[in-house]
Amino acid sequence: MVLELQKPRPVWQIMFSTHHTDVALLYTVTGLSFLFMAGVLAMIIRTHLFFPGQGVLISDSATFNRIFTVHGLTMLFLFALPVANGIGNYLVPIMVRYKDMAYPKLNAVAFWMNPVGGALLWLGFADVSWVSYAPYSIIRAPGPAADMFIFGMKILGISSILSSINFIVTIIKCKHPDLSLRRVPLFAWSMLTVSLMTIIAMPTYAAALIMMLTDRLGVSGFFNPFAGGDPIAYLHLFWFTFHPEVYIFLLPAIGMMYEIIPRFSRKPLFSQASGVFAFVMLGIIGFASWGHHMYSTGMDFTTKTVFMIGTLAAVPASGMHVFNFLATMWGGRIRFAAPMKFAVGGIALFFSAGAGGVLNSAMPLDFISHGTYWVVGHMHLFLTGTIAFGFVAMIYYIFPFITGRMYSEKWANVHFIAMLWGTVQVFFTQHLLGLEGMPRRIYDYPADFTSWTQLNQIATVGAWILGAGFVVFLAQLIYYSAKGKPANMEDPFGLGGKYYYPVEAKNPHHHTGY
Amino acid sequence: MSHSEHPDTIYRTSPRRLGKLLAIILGVMVAGGIIFFTHYDFWNSYLPTAGKLQEQQMEQAASQAAGGPSSTQGTFSGKETHVALKFVESPDFKNYGFNAPVGSSGANPEIHANVGDKIDFDVTNGGKSFHAFAVTASTSGPGPAIDGTTIGTADSPMKPGESGSVSFIPASAGEYYYICAVPGHRELGMEGKIEVSGPGGAHPAAVNMAGTGGTVAPNGNKIAFTLSFVISPDFSKYGFNAPIGSPGANPDIKVHSGDTVTIHLSNPSKSFHAFGVVTDPANPSSIVWDSAFKTADSPMKPGESGDVTFVAGTPGLYHYICTVPGHADLGMNGNFIVEK
Amino acid sequence: MGHDTAEWVFVGVVIAVLLYVGVDSWVVQKEVEDIPADAETVQVTGQQWFWSFQHADGTKEVSTLHLKVGHAYKFEITSRDVMHSFNIPDWVVFEDAVPGHINHAWFAPDTVGTYPIQCREYCGLLHYNMRGSLVVEADTKS
């Protein structure tokens with residue numbers, strides 16, 4: 001696939017290129033490959049949990065534990081972050097009107113660390129669960145899988161930090177002199193916020209990984225209670241990184257929706273300022289709430305209260321984004337092409353995920369939901385419902401620009417219905433499962449809990465529908481990139497105007513950015 | 001995002017290029033899969049160092065709590081018996097057991113043997129859960145297991161349908177247990193008793209009441225025994241008449257209350273020893289009835305011999321030991337049974 | 001009334017809802033954490049993969065816990081190896097079992113019956129089977 005150049009280039013030249021569009025393509029394609037690999041694992045898990053009883057599909061619990069670990073790690077670190085990086089790599093230099101990323105070679109190096117880290121994670125196939133709590137990961141998780149996990153995550157973490165440095169320098173230092181930071185498009189703002197959060201949060205986890213490794217080797221006792229350490233210390237270090245990290249996963253998808261919704265509403269963005277404010281506020285407040293993952297570890301009342309306040313304080317920022325989108329759509333001439341459908345579906349699911357999250361943040365209610373399928377449903381509504389929807393919307397949007405061909409709107413409709421229905425059916429049902437008390441990460445559940453069986457079966461059918469939607473998506477991408485109708489490069493979506501870069505604002509008091 | 005304004009539209013993608021891309025991706029996945037599955041057992045194979053250290057800590061704590069039972073097997077000198085055992089669980093998973101859930105008939109059969117007998121266990125996992133087999137001397141908890149008697153471990157257990165065999169030769173008399181070594185399963189019912197009596201047949205549990213050491217008047221009977229202090233060539237096993245674990249070691253002495261007992265003692269070993277009948281073999285100063293011959297401070301030298309005569313007192317189970325500290329633990333400890 | 005006002009109203013409503021959630025949580029949690037003085041202590045030890053209990057009078061139980069209706073019980077929860085979470089879902093008893101720490105939870109069952117106990121923190125191979133039973137019995141002596 002050739003981008004922006006006149007002649008087709010050999011595949012190996014694209015693979016080792018440092019140009020931002022090529023690196024973007026590499027990130028996106030490997031990210032989508034890992035999406036499908038982890039998706040297969042998810043289908044295996046859900047199908048196995050259709051019936052209670054051991055050996056339904058997975059022969060033993062050790063294998064099950066390894067499958068859900070690798071599913072989680074892959075989706076988060078080998079799909080969500082890389083695809084966000086990929087779209088960011090492609091668009092951010094264009095948005096700041098620069099010729100490439102600030103450090104093109106570093107960009108390519110950061111990309112190539114992804115397949116290496118991914119190979120370590122997949123070959124080891126550890127059973128630590130993606131959070132790899134101490135002391136299990138130190139005194140019980142067998143090697144070499146758990147050690148490969150540590151090295152793989154280390155490499156992926158460094159890759160994250162390097163690409164974050166790249167984005168920060170590109171956006172702040174390399175932007176066009178006539179472009180003020182306030183008017184940089186919101187997707188670039190989301191990448192900037194996310195990159196700043198990464199370089200503050202990620203080194204903590206890198207440190208925790210090294211400490212975990214030396215603990216496993218028996219030479220230190222940071223988190224090993226049998227060597228004088230404290231497992232709760234690991235939880236603090238882990239969640240200090242990974243609570244901001246969940247916002248890091250989320251914000252690029254919101255930024256992508258900011259690209260799509262004003263365009264497809266054929267109306268300027270409601271408020272650039274509140275979008276910027278909401279991103280920055282979330283980026284800062286996101287660091288104040290990590291303890292809400294640890295309410296049950298024996299924290300005292302005051303500490304729990306502080307973290308609850310920190311959690312609730314971040315919610316208005318997300319609300320501002322939702323309001324921004326709705327106000328932009330209000331009164332617009334909406335063109336409901338596939339990107340718009342997925343973006344709007346994503347907003348609706350984002351809202352419901354956030355609403356469920358408010359229950360988790362309330363201290364006493366968290367004791368009902370923590371460690372159950374409620375959390376699984378809640379987090380997947382964010383991950384699948386918002387992030388995957390946002391990414392899919394963006395991929396459909398740039399599809400004609402990258403390939404020169406148009407996808408099939410009819411099949412995109414099938415994909416949309418399957419994905420929306422499937423997401424709602426699996427993850428809303430899992431909220432109910434959580435209220436029934438079903439814990440997470442369990443290989444099997446007692447057969448005499450009939451409500452669990454019924455809800456699991458409903459959730460599994462939903463998962464199959466969701467999976468079918470993704471199969472349609474994959475087939476679309478492959479088939480129509482080779483055989484699709486040539487796209488009208490001036491206006492692939494038939495918006496009937498100059499709605500692509502740059503967009504003129506009708507109302508001079510509203511800054512739309514570029 | 002500018003678009004090309006070249007007059008001939010060059011399509012950015014074509015089936016050939018797409019095919020190459022998919023070939024690379026799928027090729028990498030297949031290669032990775034081959035590497036993964038051909039070494040499937042390797043990736044999750046060993047416990048980390050910290051885990052091994054913690055297991056050692058737990059085992060030491062457990063064996064200290066159990067009073068340091070003998071963790072090694074004895075030498076085969078008796079008869080061989082086969083025992084077939086099956087791990088089973090009750091349908092509601094609340095009761096476990098060998099051959100039948102605990103509480104049902106046929107569960108956890110009791111095994112009787114003598115020191116030096118070999119018990120061959122053929123163990124199958126007939127349940128739905130994971131189990132591991134071990135023979136232990138401790139009365140609670142999942143271990144420590146006696147060397148060589150384990151099939152599977154808690155971390156690498158026997159899956160349903162798996163089976164294995166081990167042999168157990170008890171080194172000393174007492175109560176042993178065959179258990180499931182997965183934590184919790186013993187408490188749920190997977191525990192059976194192995195009663196091991198000393199060579200010579202006297203069932204130690206038959207006289208299981210420890211003697212109090214009270215004196216009685218002599219009844220006129222006179223009885224004599226000959227004992228020699230013996231040490232194995234590698235100095236690891238001590239005993240009376242033979243090193244512990246060998247045939248003829250530490251013979252049971254049975255007398256009646258009131259008998260006048262004479263012990264002819266000789267020390268053909270290379271070390272110093274002393275003799276006494278005690279109530280508690282772990283306490284060399286609990287000597288009863290003036291039965292001491294020499295003491296730890298003034299012991300029998302190699303080659304020395306001598307006699308001691310005393311009147312056996314109130315009925316019960318006593319022990320005759322070498323009263324030099326540590327020698328009783330090394331094996332110089334036999335049953336001295338006083339019957340009515 | 002420009003459309004910026006609508007945004008302020010929206011954010012205001014969101015903040016009001018969150019304030020309500022926060023204050024109500026604070027009040028409820030304070031009540032929940034207020035352990036009654038006459039609560040009888042039950043020591044709970046989690047280990048791979050079962051629960052064991054010790055009552056205040058020294059009796060030990062494994063996997064099945066017998067308690068009396070109408071009494072308050074305080075759990076002192078710890079672990080012997082890795083992290084577990086002691087959970088009686090029907091009575092919303094939930095606290096992590098961390099080796100090296102003792103965590104507290106309390107409840108006062110007011111209905112007789114048998115209730116499941118489960119582990120709610122991933123602890124390895126048989127985490128899914130780390131189940132027990134709570135039997136709440138009538139108080140036969142006063």
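How many aromatic pairs does the structure hold over all chains? The count is 78, where rings of Phe, Tyr and Trp (its six-membered ring) pair if their centres lie within 6.5 Å, with planes under 30 degrees apart counted as stacked, over 60 as edge-to-face and the rest as tilted. This is a predicted model, in which local features need pLDDT of at least 70 and side-chain atom pairs count only at pLDDT 80 or more, while totals for chains, interfaces and linings use all residues. Residues are numbered from 1 along each chain as its sequence is written, chains are lettered from A and ligands numbered from 1 in the order in which they are written, and side-chain values use heavy atoms, leaving out hydrogens and water.

One of the pairs joins Phe342(A) and Phe416(A), whose ring centres are 5.1 Å apart with planes at 80°, so the arrangement is edge-to-face. Phe342(A) is buried at 0% relative accessibility and Phe416(A) is buried at 14%, buried meaning under 20% relative accessible area, exposed over 50% and partly exposed in between (1.4 Å probe, protein chains only).

Turning to the interface, 42 residues of chain C meet 56 residues of chain A, contact being heavy atoms within 4.5 Å. About 4,100 Å² is buried between the two chains, with 66% from carbon and sulfur atoms; buried area is the accessible area (1.4 Å probe) that two parts lose on being put together, summed over both. Arg120(C), Tyr122(C) and Tyr128(C) supply 18% of the area that chain C buries against chain A, more than any other three residues.
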